[in-house]
Amino acid sequence: MTDTLDPLHGGCLCGQVRYEARPSHRDGYYCHCRMCQLAFGNTRAAYFNLRKDEVRWLTLPRFYASSKIARRGFCDRCGTPLSFEFLDGERMDLSVGSLDEPSQFRPAEHFSIETRIDAWHADDGLPGQRLDSNQRIGGLWRAAYGDKVVPGLQAAREAATIDASPSPHTKAP
Ligand SMILES: [Zn+2]
Ligand SMILES: [Zn+2]
C-alpha cells in the first residue's frame, strides 16, 4: 500500500447520511456545468474525484438519474448534494462541502468553463477545461443520446431522462 493518507469522513447537513472516503490525493476541482449549478443551487460545484471503491457509505444517500448516464446522491431528509458519478466508469465525485474538514482539499482546476458565470468567478490562475472538449464525456453522451447530442441539461430534459422521482435507497457499491 502506498496510500498513507488518513481516511476522510463526511456527510449531509442533518447527519442522516455519512460516508468514509479514502482518496489517494487532496486535489479538488470546480464544475461549472449547468447541471451541477442546478444540482447544487449554486454558481458552481466543488468536488473531489476518487475511485468508487474508495467510498464507503455508512448510511446510504438517495440517488436520482440526472441523465441516462449519471446519477447523483443526496440526502432525502435535508437535501445536501453528496455525489456525482457516471454509471459507466470506476471513478466518482464527492462534494467538498460535505466533508467534515473541507479545508484538507485545495482546488486544482476548473471544468466546464464554457458555462462558468463570470460575475461569480474570480480568476485564481487555475487551469480550465471545456466540457465540450472532453472526449470521454462526449462519447458517453453520444452513446446514450445519439451522435448529434450536445452534452448537458437541454439534452437530458428534452429526452425526459431526468428521473428525480422518489426511489428506494440503492445498494452502495
Ligand atoms: Zn441530511
Ligand atoms: Zn457538472
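Modeller: Two strands are said to pair if DSSP finds at least two bridges between them. The model is a predicted one, and in it strand 10, residues 106-111, pairs with strand 11 in the parallel sense over two bridges. Within this part of the sheet, Phe-111 stands opposite Gln-129, a residue of strand 11.

That pair belongs to an open sheet of eight strands, whose order is 6-7-8-9-4-3-10-11 and whose pairing is mixed. At the edges of the sheet stand strand 6 (62-67) and strand 11 (128-129), and because each has a single partner strand, one side of each is left without a neighbour in the sheet.

Turning to the chain around the sheet, its secondary structure comes to three helices and eleven strands. Read from the N terminus on, these elements run β-β-β-α-β-β-β-β-β-β-β-β-α-α. The radius of gyration of the protein chain is 16 Å, close to the 16 Å that the globule rule gives for 173 residues, so the chain is as compact as a globular protein of that length. Taken along the principal axes, the box filled by the C-alpha atoms is roughly 45 × 40 × 35 Å.

As for burial, 31% of the 173 residues of the protein chain count as buried, a residue being buried if 20 or more other C-beta atoms lie within 10 Å of its own. Finally, among the contacts between residues at least 6 apart in sequence, 56% join residues at least 24 apart.

Terms used
Residues are numbered from 1 along each chain as its sequence is written. Chains are lettered from A and ligands numbered from 1 in the order in which they are written. This is a predicted model: local features need pLDDT of at least 70, side-chain atom pairs count only at pLDDT 80 or more; totals for chains, interfaces and linings use all residues. Helices (H or I, at least four residues) and strands (E, at least two) are DSSP runs, numbered from the N terminus. The radius of gyration is taken over C-alpha atoms; the globule rule is 2.2 Å times the number of residues to the power 0.38. A residue is buried if 20 or more other C-beta atoms lie within 10 Å of its own, exposed if 12 or fewer, and partly exposed in between; C-beta atoms are placed from the backbone. Two residues are in contact if their C-beta atoms, placed from the backbone, lie within 7 Å.
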